[in-house]
Every structure is written in structure tokens, then in C-alpha cells.
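This briefing is intended to be read alongside the sequence and the coordinates. Please keep both in view while working through the topics below.

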Amino acid sequence: MTEIRLNNVLKSYGQVEVIHGIDLHVESGEFVVFVGPSGCGKSTLLRIIAGLEKVSGGDVVIDGDVVNAIPASERGLAMVFQSYALYPHMSVYKNMAFGLENSRMPRSEIESRVNDAAAMLQITPYLNRRPKALSGGQRQRVAIGRAIVRDPKAFLFDEPLSNLDAELRVAMRKELAALHAKLGGTMIYVTHDQIEAMTLANKIVVLNAGRVEQIGAPLDLYNAPINTFVAGFIGSPRMNLIEAEVVGDDGGVALQVGGQRIAIPAQEGIAPGQKVTFGARPEHMAIVGEGEGDITASVDLTEQLGGETYVYCTADGLPQLTVHQVGQLPVHRGETVHLRLNRSSMHLFAADGGVIVNGFKA
Amino acid sequence: MAGTSTMNDRSVTRFLTARRGGASMHWTDVFSYIYLALGVALMFGPVVWLALSSFKTPAGLQEFPPTLLPLGQIERQVEGYDDPLPMFEVTMEDGSVRELAQVRRIGIIAQMVDPDDPGETIKVPIANRKPIREFRVAWENYTKPLERFNFLTYLNNSVIVTTAATLVTLLINSMAAFGLAIYEFRGRSAVMLFVIGTLMIPITIILVPAYLVVTQLGMVNSLWAVILPGAATPTGVFLLRQYMLTIPRDLIEAARMDKASEWSIYWRIVLPLSLPAIAVLAIFSVMWRWNDFLWPLIVLNRSEVYTLQIGLNAFQGELDVQWHYVLAMTVVALIPVTLVFAFLQRFITTGIASSGMK
């Protein structure tokens, strides 16, 4: 059981600073996912924890010890690489045993550990094969097995599923969740796929341009994003974010955008004349009858998936809106629809992107 | 078994008569075959000529016009003569052709006898006779130097020099290449440029200083004097380093995560993955060392430490070159390099390093 702490970690390559002071606390046994767009520094952060990159400032603390000067080989962590990084000239068994041989473990112990891990990952039949004779999913298991046998302080995963096809990715995702439940070790997982983040994590760290945007449990990020970036990044399809202006509206306030006016409950921190961004998730918009809606829009495209329907529509002065409805919806291209926003799950952000309110109280 | 061999024959035949397609040969097929045949003749011709000539007697080598195959004149024991006499095909004045043995030759007239009727001597103008020859191999070209000269010692020395030097070369060049490929440090490119830069200094320039160093170290007339000075080659470092750069960094990092020491990353990860490049360098090194002449000639002065190439030089006197021995021993000297190439060439394929990665 291992806890990992980052204290104001900085990383720069020459003059270019890529990680701008990150503080993070990974608790023992936690499954933490770093998520963010490409180039946000999530892989760099993982490599800093692994010891493959040196910090330019700040401290990496593992179990209370500052490990800044300790090389990767002595940090006791295991890493699964995006490319799997299996040693092509060694059999699967040798691949898994390599780390144990390096720590001068007795042969019998190595054998039992490798066999146990192989059985757990169902790769026993392939132990004598070379990596090139394995499929992508099998290679992935070997890479995970290589990490497991070491019984490391923590597991680090660097986009481990991104080379797999969609179906296998879903299956491996479940297996990883099961593995964490079984092993219970501290795991840090890097991905750009927010679905992986939502499904696997105890705690998600949303990174953007070398900074932490928000840290929290998956549903906390979903329900209460701290700014427009997190609001837009977490959730699929992404939240509708619309820039509007606050106007007075007979006693209350309303959001004015294009030709549409959306009445909202009065709220501390907003005043008429202010520029704001409001957000509504596709599933929090309902198609209602004439006169009940907030926005009148025309349908551009519908995606009928059987169990659910996505409607893409445009309204005067608004960007394209995505609406998600359960079930099959008899809506067609060109049709006019009336959309009602669920006030209790609407998000309002200030012009600088920071949240004003996540869900109006009725 | 027979089935397999016919299968092979068929496929070889098919390979050698492959066409673009279609029923008859296209002009490009003809062109290709002519071109390829020319290439084969150009590459193989000299080697075949060397091998065939190495079986010729000194007289056979001097002959003009030269024959392709090693031929020897048939001789017969004739009654009344102590030595066997050479046989000739003689066109008689009446136009008939007879096989006669030559007793002696005086000017342009040869005195000949019929081996079946040795009593009568026939005088024949030498223009009318033609030697009868058969395919005959002069094995003595090979056996004599091996027995009489210290050829086995030379061979042995060459094998020791080549093996030891190749092993040392591979070890230290791969270590240098590892350092220059895997680690990133300030001045890495400068060091690499410096290493490559030494390629531009011809051996003739460093010959004297290198000889002085070797003398100071007391290595003259020992095989180490040949093995050590050339062990670190810029070509080898460059070749291996460029190959090692293609090894995915993830593998090195995975090994670091696997608690591997830097030595075991080198020995157990990078070296096995660089095998194709190592094989190429091994072939080069073997060829360089085996064929090396100038440096051994300078530092090896006693015949018991001669390498093959220096030994071959011994057949070349100031006034007389024993071509039959030179040719035969050249063939012997070619064999090991050929074998090494045959066995290592299958390693000269790339892609081993990348196959385990997606």
C-alpha cells in the first residue's frame, strides 16, 4: 500500500515549461486517472512519478520519502507502456521474469510468481511464445503481467488501451477494473479517453496545458465541473456550452442569446449586463411542446441508435446543440423542435470560465 | 526423398526461368537475363578463374592462350625409354592423324615414336603436332605449401587474430555505441562527429606513431600487436550506434522500470536486439582482419607469427613469383571468410527489434 504525493512539481525542457506546479495526493489503494487532451502533460507527469523524467522543481514523495534523486529502477514502481514495450527477443515467460531476475529472486519464487500471474491473466498457454506471435490483447496482458509479478508499490499505466480495437478496449477496461478490485494496489492511469477515466477511476485528475483543472470523483466532476474546460471535457457527447448575456426579465433575470431568452432563477453573482457561458448536457435537454420550451431550434441531423437518440440542431445565434434522449424519437431533419433546459442541472460559468453555479435551485 | 528432390529441382528451375508472365519471353525478360548473367560473370568470374587456375601447374599457368580448365599432357611409358614420354596428336604428311610420343625436340623438328612400335623414330615438324591433354588437377599446389611451408601456422595465426580481434571489436564498439545511442548528454553529437571524423585519417598517416606505440608497449612480433590497434573502429561504432537509435526508447525505459542495471540493459536488451547490426559488423571485422596486410607486415617480422596474408607474400620473391602457390593459398584464405558470410548473412535482416512493438 503506497501513497504518492506531488508537491508543486515543475518540469521544463530548456526554456519551455510544460508542467506548471502540480500538487497531488494519491492515496493508498486508490485508482487515479490523469485525463486531458494530448499535450497537456499527463504522460510527462506519470513519467516524473515513475522516475523516467527528472523534476525541474518541487518534490515527488512516495510513502513519505522524497524520491527526486532516486532512479526509476529503485522506486519500486511498475509501468505498463502504451506500446507494451515487451522485449521482442524474450519469451513471454522471460519477459515477465526479467524484472524478478534483476532483483536476484530465487528461481523457484520467480517461477511460481510468473505462473500465478499468467494464470490470473489467462496467458499460461503463451508463456513460451515470443511477443510477436501474440495478438494485441495478449500482448497487453503480458505487459500487465510483467507489472503484476513484481508486486510493485504502485502501478503506472500510460494509455495502455489506446492500441487496442474498440471492442477489446471495452473488455480490457473491465478486466483492469476487476484487477484493481482484486489486487487493491495504488494505480495511476493516464488516458485521453474520458470514458476510461469515468469508468475506472476513484479519482480523476483533469489536466490542461500543464496545470490541474480539477481533481475529484468521476461523478463530482460530471455534476460539478469547476470551469468550462472540465465541463466540456468530461461527459460524452460534450456539454452544450453557449455564450450569453444576462438581462433583466420582469422581476427575475434571463439569459439572452441570439433571438432566444431563457429565464433563470435569480442567483448571487450575476447581474444584468454580464457576459456568461451557460452549459447544458445533452441528456439534460428535453424536447417539449410549443410554448413550453426555452429554445426553438431546427433539426440538422438525428442519430437513431435504437435505445437512444441524438438530435443535432441549430437555433438562431446559437452554436449547434446536441440533445440526447432515451428511446426512439420521431424527429426528422428540418423539423422545428422546442427544447427545454433542466434548470436544476444547468451550469453557469463566468466570462473567465470559472463556475458560478452548478444547477439552479428550484 | 525423391519426391522432395524433384520438388526442389522444379522450384529451382522455375526460379531460374521465371518470366514476367505470358507464354513467351518478353524482351524485358531477355534483357533482364542478359543483365543478370553479365552481373554473375562479373562477380563470380574472377573467383571461378582463381579457383580453376589454382589447380594448374606452373607450366599451365604460363601457357598462352590460357585454358579455362586445369589440363595436363598425357604421358606414356614407352619401351626403351626410362622416363614417360609426352603424347601428341600428329597430322602426318599424308593427312592421316596419329598419336605419337615425343622423344626429343631439336629446333622445329620433333623426334617421335609410336608407343606401340617404339623401334621406328618419326621426324615431325613441331607445327604439325598438338599435345594430347586431359583434365588434371595439380593438388601439389595445395599439399606442398601446407607441408613444406609453415602454412598451417600462418592459418592458425590468422584464425587467432581474426577471432580475437572480432570479439574485442564487437565488445568495445557496441559499448561505445550503446553510450552514444542510449544516453543523452551534452556534446553527444560532437563526440559522434569526432568518432566519424577519424575515418578521414588514412592508416598511412598514423602508421609510424602507431608503430611507435606498439613498440613501446613491447608488442612487436606478438599477435596482440595486430589485434589491439584496430579493435576500435569508427565504422563499427557508427554502424551499431545508428542501429541502436532505432531500438524503441520504451524498451529501455521498461527495462529501467524492471530494475535492470545499466549493464544488464546493455547486455540483455540492447545487445540481443542489435544482433543484425552486430552480424554485419562481425562480417566486416572478419573480412578486414583476415585480409589485413599492411599493418601485420609492419609489426610481424618473425615467420612464426605471420598471418596468412603475410605468408602469401612470402611466395612472391623479388625475381620469381610462385603463382601456383599464391593462387592455391589465396583460395584457402578465401574459404573462412566465405563460410563466415554464409552463416552470418541470415542475420542481416532488420526488423527483429520492431516486431514486438505495435
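In what order do the 5 strands of the open sheet in chain A stand? The order is 15-19-16-17-18, and the pairing is antiparallel; strands pair if DSSP finds at least two bridges between them. Helices (H or I, at least four residues) and strands (E, at least two) are DSSP runs, numbered from the N terminus.

The model is predicted: local features need pLDDT of at least 70, side-chain atom pairs count only at pLDDT 80 or more, and totals for chains, interfaces and linings use all residues. Residues are numbered from 1 along each chain as its sequence is written, while chains are lettered from A and ligands numbered from 1 in the order in which they are written.

**Chain A overall**
- Chain A has 8 helices and 21 strands, and its C-alpha trace spans about 80 × 45 × 35 Å along the principal axes.
- Of the 362 residues in chain A, 41% are buried; a residue is buried if 20 or more other C-beta atoms, placed from the backbone, lie within 10 Å of its own, exposed if 12 or fewer, and partly exposed in between.
- Among contacts in chain A between residues at least 6 apart in sequence, 63% join residues at least 24 apart; a contact requires C-beta atoms, placed from the backbone, within 7 Å.
- The mean pLDDT (the predictor's confidence in each residue, from 0 to 100) of chain A is 91, and 100% of its residues reach 70 or more.

- Strand 17 (residues 308–314) of chain A pairs with strand 18 of chain A in the antiparallel sense over 6 bridges, and E308(A) has V326(A) as its bridge partner in strand 18 of chain A.

**Strand 3 of chain A**
- Among the elements of chain A, strand 3 (residues 31–35) has the highest mean pLDDT (95), and strand 13 (residues 260–264) the lowest (85).
- Strand 3 of chain A is largely enclosed by the rest of the structure, because 5 of its 5 residues are buried.
- F31(A), V33(A) and V35(A) point one way from strand 3 of chain A, and V32(A) and F34(A) the other way.
- Strand 3 of chain A pairs in the parallel sense with strand 8 (residues 186–191) of chain A over 5 bridges, where V32(A) stands opposite I188(A).
- Strand 3 of chain A also runs parallel to strand 9 (residues 203–208) of chain A, joined by 4 bridges; V33(A) has I204(A) as its bridge partner there.

**Contact between chains A and B**
- 23 residues of chain A are in contact with 20 residues of chain B.
- Strand 6 (77–80) and helix 2 (92–102) of chain A each supply at least two residues of the side of chain A that touches chain B.

**A101(B) in chain B**
- A101(B) is found in strand 4 (residues 97–106) of chain B, and it counts as buried because it has 22 C-beta neighbours inside 10 Å.
- The C-alpha atoms of A101(B) and M87(B) are separated by 4.4 Å, although the two residues are 14 residues apart along the chain.

Definitions and conventions:
Two residues are in contact if their C-beta atoms, placed from the backbone, lie within 7 Å.
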